[in-house]
Amino acid sequence: MIDPLSVFLLLISASTPILFAALGELVVERAGVLNLGVEGMMITGALAGFAAAYASGNPFLGFLVAALAGATISLLFAALTQVFLANQVASGLALTLFGLGLAAMFGKPFEGVKAPAMPIGPLRINWIVWLGLVMVPVVWWFLNRTRRGLILRGVGENHEAAHALGYDVRLTRLAAIAFGGAMAGVGGAFISIATVLQWTEGMTAGAGWIALAIVVFSNWTAPGVLAGAWLFGGVTVLQLRLQAAGVAVPVQLLSMAPYLATIIVLVAISARQKYSRRAGAAAPGSLGTNFHALR
Amino acid sequence: MLRRTLLATASAALMALAAPAMAQDEPLKIGFIYVGPVGDGGWTYQHDQGRLAIEAEYGDRVETTFIESVPEGADAERALTQLALAGNDIIFATSFGFMDPVMNVAAKFPDIKFEHATGYKRAENVATYDARFYEGRAVIGTIAGRMTETNKIGYIGSFPIPEVIQGINSSFIHARKVNPEVEMRVVWAYSWFDPAKEAEAASALLAEGVDVILQHTDSTAPLAQAQQAGAIGFGQASDMAAFAPSPRVASIIDDWSPYYIKRVGAMLDGTWESGASWAGIGDGEVVIGEITEAVPAEVKAEAEALRDAIGAGEYHPFTGPLNKADGTAWLAEGETAKDEDLQSMNFYVEGITAQIPQ
């Protein structure tokens, strides 16, 4: 009755904003930094991208500007936590609040106008959706198969050791944070440019927080992020499709499903770590702790 | 307890100060609390337009202030108290969730008048007001029934509360009246405003073959999705004119200005009284936005005739014979629905096969 292919095509579009944001945050966290400002960076990207797309008439330029804007505002967080060694949790939350307020203020002139339509890519799917899917193996390859990825993971696992080996902890983290900001910016811009076609205050509506949850769910791996984004996106799309088809399914039950799945996965992960020495990649060892090269 | 006493004393002192001041033709002070930002382009934006209309109407005789993005709950009580202590004479609270905070604060400030939108609790100094959005739904339902080619129309619901169920029933009844083949698909987004979720809800409906989307949520995301799929939709709360002439072929606009102007006028003449207002098209509180050229002229004329009949009070959108979805009789031939029944509406009318989530 419900065509699985159409559900699948819907779900990969629906999960794109959180996929971008979560992939970015994955790299940030693998470098040992916990940036809770994802929502703030997404909304910044949503506004900057929309403004650029509207002004230039080119949606792709909008995404480029969104990436730059996300990276720029993330550097504020980087300055606070990497230079002034401020608490990462507090700085991240501040970044979210700051981003939401800033976007609301600068967004006033863009209310009520419409973005240019996105050209449709292969299989009637937006080009940016394809880009998101391509970013998954790219991030995986970078983290696991390149020297710089190894250094980044080293910095995240044990910044003292990485520093002792002569790697620049601060610079590595700065680059990771900027990358995370750019990805979050693109994710946010997807909502304003490709999904809604308008700018509205608070339009990311909590997507950044879901992205943060997905990074934990993914057990800090790129394929896990994709699985998490698809699970969250998929369950949402499926329950809406079931409703639209008039199937009597308790909506509340389906809305609960992604969170239930997260709990099950977390239990499975911790069980595996308890009973097996050779555990997969879990939380980076230095996650959320500041590094100061005194010694 | 001590704090409350202190507050009462402070307010009494303020009242004492305010009373003689009022006599010397000080402007009437009017406060608003909004649930969202003024720039939401929908619900709160329309209330703020009402506030500006008060200023335009009464000029120097009034002074308005507002607090935006007030969360529903305990924080609303703080915001209301702040407005009360600032010497406002009348305070408008513009969201359902401000109901209990309004009642609590109103009890502490008996000399200040409160107006609460969409609620049902009243007191000597608390009035309520709401709009008959279902009247507008009847008009756009007619357009939807005429315009659909697949005979499937979709409705994006926010929460399964009486106001939204009235809207679903009203649009379905009138779509079916002009097109007996029409089917209604309902999707609940469980949010008033979540663009991403609304977009997904719209694409789910479109994938089911729906080609006309009605929305009870506030963002333009469903219109954007409809446009990509070649379907049509309607503006909600505000005009959403950026999507005209298609996919936005018409809209339901909440216009609070007539009510606000009337109530402030009553304050100025000293004739304000508590009460419950539920006004619709006839009072200019529910406005049908321009029906665009994407709609054939005869359909436009039909919709406008229905709008005018409702506005003139000649026709009630819920007129029998009507049965409930479970087949039991609801309204007999020629009988119209009572307001109390509408305000607690928790059933679909016959012909809608979906279930209301419990």
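In which helix of chain B is B:Asp100 found? B:Asp100 is found in helix 4 of chain B, residues 99–108; helices (DSSP runs of H or I, at least four residues) and strands (runs of E, at least two) are numbered from the N terminus. The model is predicted, so local features need pLDDT of at least 70 and side-chain atom pairs count only at pLDDT 80 or more, while totals for chains, interfaces and linings use all residues. Residues are numbered from 1 along each chain as its sequence is written, and chains are lettered from A and ligands numbered from 1 in the order in which they are written.

B:Asp100 counts as partly exposed because it has 16 C-beta neighbours inside 10 Å. A residue is buried if 20 or more other C-beta atoms, placed from the backbone, lie within 10 Å of its own, exposed if 12 or fewer, and partly exposed in between. The C-alpha atom of B:Asp100 is 8.1 Å from that of B:Lys121, 21 residues apart along the chain.

Chain B contains eleven helices and 14 strands. The C-alpha trace of chain B spans about 65 × 40 × 35 Å along its principal axes. Of the 358 residues in chain B, 51% are buried. Two residues are in contact if their C-beta atoms, placed from the backbone, lie within 7 Å. Among contacts in chain B between residues at least 6 apart in sequence, 65% join residues at least 24 apart.

The contact between the chains takes 30 residues from chain B and 31 residues from chain A. On the side of chain B, strand 7 (183–188), helix 7 (195–207) and helix 8 (221–229) each give two or more residues. Helix 7 of chain B provides the largest share, nine residues.

Most residues other than glycine have a negative phi, and most peptide bonds are trans. Cis peptide bonds join B:Ala244 to B:Pro245, with omega about -5°, and B:Ser246 to B:Pro247, with omega about 10°. B:Pro245 is placed in the loop between strand 9 (232–237) and strand 10 (248–254) of chain B, and B:Pro247 lies in the loop between strand 9 and strand 10. Phi is near 65° in B:Thr118, which is in the loop between strand 4 (113–117) and strand 5 (126–131) of chain B. B:Thr118 is partly exposed, with 18 other C-beta atoms within 10 Å.
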